[in-house]
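Below is a briefing on one protein model.

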Amino acid sequence: MKTGILIGYFEPLHLGHLADINHATGQTDTLHVVILPKDGDSLFKPTLQDKARAVQVACGFFDFVKVHTAQSLNLTDLHGQAWAYDEPNSDTSVISLIINALHIYDNPTLFVKQSFANHLLSNTPLTIQTQQMTPLPNNAYNSIAIYQNPITHFHAIAPSAKQNYTQTVCIVGGESSGKTTLVHKLANHYGAHFVPEMGRLYNHSDLGGTEIGLQYSDYPIIANQHYLAMQNALKNAISPITIIDTDFITTQAFCQTYENRTHPLLTAFCENIKMDHTIMLDNNVKWVADGMRSLGSDDERSAFSKTLMILFDKHQITPHIINDKDYHDRYLSAVRFIDDVIFKK
């Protein structure tokens with residue numbers, strides 16, 4: 001049986017990588033995909049396990065594809081600039097280490113880029129001359145360019161890896177500040193998934209449509225449902241941004257306002273689940289009653305905003321505040337902010 005080895009960074013895993021894996025599996029009976037750690041100054045910092053999961057999910061149906069990481073092979077002393085087929089360099093020492101770690105002794109096929117095959121054969125000091133070098137057609141995707149600017153190349157990122165390259169933009173604010181309308185507008189503008197406000201949905205599904213039955217024990221349920229909805233949206237990300245309606249800190253602020261105490265489970269969510277960007281809408285637009293809202297007076301709205309800002313400061317989050325009094329102007333301000341901090345327009 002023929003054995004193949006594909007060594008790469010896979011950061012991010014993109015459609016070119018998947019085409020190469022498809023090609024390699026057509027040439028071998030068993031393909032070992034080895035994922036290396038990578039040093040760099042990218043905004044995105046997927047773990048080695050994140051990268052392994054993306055490859056594993058994409059190839060989960062292929063039982064003839066075996067996924068490894070440098071860590072799983074006990075190659076813990078590798079630096080982040082070792083030789084990799086998707087970003088080859090002159091340091092080929094990792095190749096023999098990986099072959100030995102895989103315990104493969106039947107002259108495996110090492111897959112390399114066509115442009116690097118001759119160099120690898122003629123210049124490496126390693127004793128791998130017996131390995132068959134098979135060039136891969138990989139001209140359609142530039143791994144270095146995709147790594148340097150994954151937002152621009154988001155369409156080329158493999159579906160299983162997109163969750164690590166979408167940024168969360170959370171819209172927060174008090175009652176009747178226009179959060180939900182803005183979330184839907186931004187989702188339409190960017191073609192993005194959004195996470196709805198779970199408190200509102202919970203109000204209808206479990207409380208009968210009003211907050212009269214809301215109590216302290218409901219808040220962690222709302223937060224947990226919100227977390228699960230976020231994970232589902234990120235897992236199925238279709239855009240470089242994912243819009244989130246309300247965050248855990250806002251839920252905590254409501255808990256503190258209505259119950260006069262915070263909830264430790266909400267605190268855990270606040271401390272461990274961070275949004276990439278937070279936009280806070282000022283409570284300076286007209287309050288509109290919808291049958292669920294109860295903080296309608298100026299004093300109540302002001303007090304809630306102060307509670308929210310205190311909690312943001314406590315958890316070291318600085319929201320971008322939008323205080324336009326016109327709803328459409330708020331939408332335009334949010335677009336300008338997102339374009340500036342994410343799309344660099």
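F61, F62 and F64 make up one aromatic cluster. This is a predicted model, in which local features need pLDDT of at least 70 and side-chain atom pairs count only at pLDDT 80 or more, while totals for chains, interfaces and linings use all residues. Residues are numbered from 1 along each chain as its sequence is written, and side-chain values use heavy atoms, with hydrogens and water left out.

**Aromatic pairs**

- The structure contains nine aromatic pairs; rings of Phe, Tyr and Trp (its six-membered ring) pair if their centres lie within 6.5 Å, and planes under 30 degrees apart count as stacked, over 60 as edge-to-face and the rest as tilted.
- One of these is formed by F10 and Y85, with ring centres 6.1 Å apart and planes at 50 degrees, so the pair is tilted.
- F10 sits in the loop between β1 and α1 and Y85 in the loop between β3 and α3, so that the pair links distant parts of the chain, 75 residues apart.
- F10 is buried at 1% relative accessibility, and Y85 is buried at 0%; buried means under 20% relative accessible area, exposed over 50%, and partly exposed in between (1.4 Å probe, protein chains only).
- F61 and F62 form an edge-to-face pair, 6.1 Å centre to centre with 75 degrees between the planes.
- F61 counts as exposed at 76% relative accessibility, and F62 as partly exposed at 26%.

**Salt bridges**

- The count is four salt bridges, each defined as a side-chain nitrogen of Lys or Arg within 4 Å of a carboxyl oxygen of Asp or Glu.
- E11 and K51 form one of them, with the closest N and O atoms 3.0 Å apart.
- This pair links distant parts of the chain, 40 residues apart: E11 is in the loop between β1 (3-8) and α1 (15-25), and K51 is in helix α2 (residues 48-58).
- E11 is buried, with a relative accessible area of 8%, and K51 is buried at 4%.
- K38 and E87 form a salt bridge at 2.9 Å, N to O.
- K38 lies in the loop between β2 (30-35) and α2 and E87 in the loop between β3 (65-69) and α3 (93-102), so the pair ties together parts 49 residues apart in sequence.
- Both K38 and E87 are buried.
- R53 and D50 form a salt bridge at 2.9 Å, N to O, and both lie in helix α2, three residues apart, about one turn of the helix.
- R53 is partly exposed at 45% relative accessible area, whereas D50 is buried at 15%.

**Sheet and helix packing**

- The protein has 12 helices and 10 strands; helices (H or I, at least four residues) and strands (E, at least two) are DSSP runs, numbered from the N terminus.
- Five strands form an open, parallel sheet in the order β7-β8-β6-β9-β10; two strands pair if DSSP finds at least two bridges between them.
- β7 (194-195) and β10 (320-322) are at the edges, each with a single partner strand, so one side of each has no neighbour in the sheet.
- Strands β6 (residues 167-173) and β8 (residues 241-245) pair in the parallel sense over five bridges, and I171 has D245 in β8 as its bridge partner.

**Whole protein**

- Of the 345 residues, 52% count as buried.
- Residues 24 or more positions apart account for 77% of the contacts (heavy atoms within 4.5 Å) with a separation of 6 or more.
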